[in-house]
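Hi,

Here is the structure I promised to pass on. Have a look at it first, and then read my notes below.

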Amino acid sequence: MFDAISDYDPKDSTSQGSKTKTYDTINNDIKGMKVGIAREYLEGIREDVKEAVQNAVKVYESLGAEVVYFDMPAIKYALPVYYIIACAEASSNLGRYDGIRYGFKAEHYNGTHDMMCRTRSEGFGDEVKRRILLGTYVLSAGYYDAYYKKAQNLRGTIVKAFNEAFEQCDFILAPTVPMTAFEMGRAVSDPVETYQTDICTVPVNIAGLPAVSVPCGFDSDGLPIGMQLIGNKFEEAKILNAANAYEKAASQNFKETKWGVKL
Amino acid sequence: MKYELVSGFETHVELSTKTKIFCGCTTQFGGEPNTHCCPVCIGLPGTLPKLNRQVVKYAIMAGLATNCEIAEVAKMDRKNYCYPDLPKAYQISEYDKPLCEHGYIQLSNGRKIRILRIHIEEDAGKLVHAHGDTYVDYNRGGVPLIEIVTEPDFRSTDEAREYVEKLQQIMRYIGVSDCRMQEGSMRCDVNISVRPQGSDELGTRTEIKNMNSINNIVKAMEYEYERQVDVIEAGGKVIQETLRYDDASNTTSSMRGKEDANDYRYFRDPDLVTILTSRQEVEEIRKSLPELPAVKQARYVDEYELPEKDASLLTKYRRVSEYFDEAIKGLKNPKTVSNFIIGSIFRRVETEKDKESFDVKVSPAHLNELVKMIEDKKIQNNLAKKTLEKMLDTGKSCKEFIDESDLGGVDDSALEQMCKNAIDSNPNAVADYKGGKEKALMSLLGNVMKQSRGKADAQAVKAKLIELIK
Ligand SMILES: [Zn+2]
């Protein structure tokens, strides 16, 4: 499956083509591999999550991997950079929902312009509207340099930080989310807090890297905790192999939860 | 006070690639509405653009033919604006890294119109108003365009006219566009301002759109120039605005609404990769370009000693010049061929479109054969002309008519015999001529022409008569 979706797509100009065959290379042998820990990933996250991740590090050590610690100050910019770029692209991408060719169309309107306005006002939800507003703002004349351009420059800085990190290690181990799942409905009340939960995962999106999330324990309520393994470009094989090795060695983290979900 | 016109052009030229810029749909003009479309060019969610490399090649050709520098690294940006004919609500264009920059087109008065940039972009669809409703036809959406932007270098409408004609001519020569203004495959937006003659400052400019012929461009510019001068003379100020030209009333009027204070929120299109063009590729394209009209025209004047005017007529359309090049092969006198093309053949091809395709019944080889017969003195010039008309009617070779109606020339011995006959039978005329009456020779000449049934070459007969009388 992975090998199929990672193949070259002739209709996508950004497609890089098949650079790795993954499945055949999984052998669970991670002896001598270097597991990187960036200190910034462990800052400001909940204690039990941190502990679970540190336990996973020990598992890797027991499997013969070497652990290296380093700093990656650039990743603290990842969240704002991500939201600026993603919202800018979304504001442009969603322009096509004008009610002319497909999708929702307002029922009552007066002329083409009014139809487009009403279609969007009625059709888009609050979070989408929020992102469109944010995105159009950061692209506007007069704000472009201060937001969008700066975000793109920082994106370059983040990419560079990861490149340097991968000179020291084979993959980076980090928490997937700084806490465990929050109650249903709470996300809506504070969007900024909700955005914060993405803090560990967006650096990968910004840098264009592969990552795999693996369960690595449970909190006191029995909710699963996740860690992620981040690989260098086109090194999916390495992280999948490492994830598989962990799963074999720490099977207690993959039991059925009290809600009946098999991890 | 005397005023000076200052004007710049932004010209959109539709490229004649077979397929659209980001998908495989045809670029053909016309067609039932929304039949030349696919998920990509009507902007369905989840589709991605894939740049047609032929578009880049054509744009580079256009750039090289107008003396531009070609960027090694270019990129494509999104120009965001909302209009029903633009399915994605953004146009993919090039904002700050155009493919071609810093070119020029030289006018006949020696001035160079500087080209600031040429960039590639996609065309929008078309709104159709019918039955009290508005419909959208996306057939044209995604057709590749180049936008050619000049510096404000025009100082007269004559210069503007020549520039548009030259641009059309160059684009057609290199085969990147048919540049038909009526069909919209070439569209000009004109910026105009006026300033006191001798001033270096630029006045406030207006932009005129919606002109579909060169004549309309000139008329609109003349009108707008006068209007601005009137405003200034009356103590007023020209307002920066976009104007629409109305052909029927020959006036310009303000075009509010769509263009009002637009912020296009340009940003790089993340769906497309950087356009890299190697120097080697550019050189290969440069080598593949045909001889450009200006170069060709100069060569016709220098090499074949054609008058400037004739050289310009022959090079105006690429097919005509290729016809001429073919027809003069091995001939001593290209001017004769040129005269026949301009004098006789052009009368049969009247429209621009016909001259462009130049599909005439007489092949270049047949014309070559005919002129060769004149050069070999086998046929007289005016008879050749009549023969050419018959050839144009039927498409047959000149040999057919020369055999049919016995128009063949007269060889030297026969000519001498005819001249002797004329002298022998007209002693009076011979005596008159000897006595100094030059005109007497004409009656002898007439006699010979009669004997030859018009086939003899008058100059040769004259020379022979004089020789024999002496
Ligand atoms: Zn298409």
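Over all chains there are 42 salt bridges, counting a side-chain nitrogen of Lys or Arg within 4 Å of a carboxyl oxygen of Asp or Glu. Keep in mind that this is a predicted model, where local features need pLDDT of at least 70, side-chain atom pairs count only at pLDDT 80 or more, and totals for chains, interfaces and linings use all residues. Residues are numbered from 1 along each chain as its sequence is written, chains are lettered from A and ligands numbered from 1 in the order in which they are written, and side-chain values use heavy atoms, leaving out hydrogens and water.

Among the salt bridges, B:Lys75 pairs with B:Asp77, with 2.5 Å between the closest N and O atoms. Both of these residues are buried (under 20% relative accessible area, with exposed over 50% and partly exposed in between; 1.4 Å probe, protein chains only). B:Glu122 and B:Lys88 also meet in a salt bridge, at 2.8 Å from N to O. That pair links distant parts of chain B, 34 residues apart: B:Glu122 sits in strand β7 (residues 112-122) and B:Lys88 in the loop between β4 (77-80) and β5 (90-93). Helices (H or I, at least four residues) and strands (E, at least two) are DSSP runs, numbered from the N terminus. B:Glu122 and B:Lys88 are both buried too. There is also a salt-bridge network of B:Arg172, B:Asp178, B:Arg180, B:Glu183 and B:Glu356.

In chain A, A:Arg39 bridges to A:Asp71 at 3.2 Å between the closest N and O atoms. A:Arg39 is in the loop between β1 (34-38) and α2 (47-62) and A:Asp71 in the loop between β2 (66-70) and α3, so the pair ties together parts 32 residues apart in sequence. A:Arg39 is partly exposed, at 40% relative accessibility.

Now the zinc ion. Its protein donors are B:Cys23 (SG), B:Cys25 (SG), B:Cys38 (SG) and B:Cys41 (SG), 2.3 to 2.4 Å away; donors are N, O and S atoms within 2.8 Å of the metal (3.2 Å for Na, K and Ca), and water is not among the atoms, so sites may look incomplete. The site is tetrahedral, with angles of 100 to 115 degrees among the 4 donor atoms (for four donors, all angles must lie between 85 and 135 degrees). The donor residues are spaced C-x1-C-x12-C-x2-C in sequence, and B:Cys23 and B:Cys25 are both buried.

Cheers

Key. Four donors count as tetrahedral if all angles lie between 85 and 135 degrees; four count as square planar and six as octahedral if opposite donors are over 155 degrees apart and all others between 65 and 115; anything else is irregular.
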